[in-house]
Amino acid sequence: MVLGSRGRQSAVRNKFLDEDEAPKLQRQRSKSRGRFGRTRSKSRSRFGVRDAPEQANAEEVNKFVQYKKFGLYATEISRVIAIDEIPEVEHSYQVVVKASTVTLNDCYIRRGIWHQSIPVPNTPGFDVVGTIVSMGVEAEAAGYDYGEAVACCCRTGGNARFIVLHYSDLCSVPGDVDSAQAACIISTYMTAYQALHRCKPRGPRETLEGSNILVTAGHGAVGQAVIELAQRAGASKLFATAPKKHHEQLHAQNVCPLPMDAKMWLPLVRGKMDIVIDGICQDGYSSPHQALNYRGHLVVIGMSVIMSDAEVGYCGTPFDAIIQRFKAGFLLSRTTRYFPHEWSQQNPSEWKHDMEYLMELLSRGKIAPKVAKRISLDAVPYYQQQLESGETEGLIVCKPWK
């Protein structure tokens, strides 16, 4: 990659389809030096963005969701705050947010039961896409430029109008994509793709063609992404557990629906699966592991059954969750434990490669995340509770300028 060339192309390519929802951030054309001692060239002003937070007008006030203590009910402890200060940039990029996700992971973090320590006050928002409006000195050499569309699995901070992101965590987003759909790629589709293609050890020429794949909670966001990507990769047979009301939909997708109760579905698939992707942990991953054939691989992506009703443990994470996490990571054979943010930090080059591949598929119309709700920042606490109660399903995206 030639530094600067990608940034120049981004002026044409990297514009979201819903660009008009955010304010037009105009950079000031000036012969004076910028905040970090670098002269801003007139050629870069053509991107139509700004690099000086202190020049923000009333329309550019930062707005974000925040809670100052962990708690069970999002609507009771969360507040939507508006201030006229934009996050400072030193060695990173300042990004104006176009879309961010609202997920169960945000709820687990808010309740203080996440498996990693998260300080408060905290702003939720696991995934974010937006446009670069300012950068620090060290970030200039990373290859991104003003006005370029980027995506990041940030874990926290996404439900805001502005966010500061480290240059090593960013991935490019191609032009002509819907920002809400792009946000859904980051954790949801990346979890599905890497669970299918990266977690199971296999030869360089081995593909998913002819594979039998089982995903639990196939009606959910990740489950639907697994189905879409597995069919695209040529999987032979797909099985998905889901409540009875979703079976007709799964049939229409050429997927064999199975009941949610592991005691009912295990006899049907025992020893037959090449890949099993489990995000619910109904029985300590026992049934999903028994469903594997002799070369099969289990990918653990969560434990929603445990986390949904869990209370804060002695160290934050519930004790049962700690046990199951240890079991999946160290005791079960042919098993990989997967969490998107951790994977992005441990395997950054692989993460960026796969992310940009999926973004390109989105740009070409080869995949199509189905966004269930597009909400404002003010609605984030309410929809967190809706997700936890099960009253809302699917992909929820926050549009902070809405």
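This is a predicted model: local features need pLDDT of at least 70, side-chain atom pairs count only at pLDDT 80 or more; totals for chains, interfaces and linings use all residues.
## Salt bridges: count and network

The model has seven salt bridges. Some of them form a network, in which Arg110, Arg111 and Glu388 are linked.

## Lys63 and Asp378

Lys63 and Asp378 form a salt bridge through their side chains, with an N to O distance of 3.2 Å. Lys63 belongs to strand S1 (residues 62-67), while Asp378 sits in the loop between strand S14 (371-375) and helix H13 (380-389), so the bridge ties together parts that are 315 residues apart in sequence.

The two residues also have their burial classes. Lys63 counts as buried because its relative accessibility is 18%, under the 20% cut-off. Asp378 has a relative accessibility of 47% and therefore counts as partly exposed.

## Arg198 and Asp354

A salt bridge of 2.7 Å, N to O, joins the side chains of Arg198 and Asp354. Distant parts of the chain are linked here: Arg198 is in the loop between helix H4 (179-197) and strand S8 (212-215), Asp354 is in helix H12 (residues 348-363), and the two are 156 residues apart.

Arg198 is partly exposed, at a relative accessible area of 32%. Asp354 has a relative accessible area of 0% and is buried.

## Arg325 and Glu342

In the salt bridge between Arg325 and Glu342, the closest N and O atoms are 3.4 Å apart. Arg325 is part of helix H10 (residues 319-331) and Glu342 of helix H11 (residues 340-346), so this pair ties together parts that are 17 residues apart in sequence. Both Arg325 and Glu342 are buried.

## Packing of H4 and H12

Two packed helices are described by the angle between their axes and the distance between the axes. For H4 and H12 the angle is about 120 degrees and the axes are 10 Å apart. The two helices are therefore oblique to each other, since the roughly perpendicular range ends at 115 degrees and the roughly antiparallel class begins over 145. The crossing of H4 past H12 is right-handed.

On the H4 side, the contact is made by Gln181, Ala182, Ile185, Ile186, Tyr189, Met190, Tyr193 and Gln194. H12 contributes Glu350, Trp351, Asp354, Met355, Tyr357, Leu358, Met359 and Leu362. By class, the residues of this contact comprise 12 nonpolar, two polar and two charged. Asp354, listed in the contact, is also the salt-bridge partner of Arg198.

Notes: Residues are numbered from 1 along each chain as its sequence is written. Side-chain values use heavy atoms; hydrogens and water are left out. A salt bridge is a side-chain nitrogen of Lys or Arg within 4 Å of a carboxyl oxygen of Asp or Glu. Helices (H or I, at least four residues) and strands (E, at least two) are DSSP runs, numbered from the N terminus. Buried means under 20% relative accessible area, exposed over 50%, partly exposed in between (1.4 Å probe, protein chains only). Axes are lines fitted to C-alpha atoms, for helices over the stretch in contact, and angles run from 0 to 180 degrees between N-to-C directions. Angles under 35 degrees count as roughly parallel, over 145 as roughly antiparallel, 65 to 115 as roughly perpendicular and the rest as oblique. A crossing is left-handed if the near helix is turned anticlockwise from the far one by less than a right angle, and right-handed if clockwise. Contact means heavy atoms within 4.5 Å. Ala, Val, Leu, Ile, Met, Phe, Trp, Tyr, Cys and Pro count as nonpolar, Asp, Glu, Lys and Arg as charged, and the others, Gly among them, as polar.
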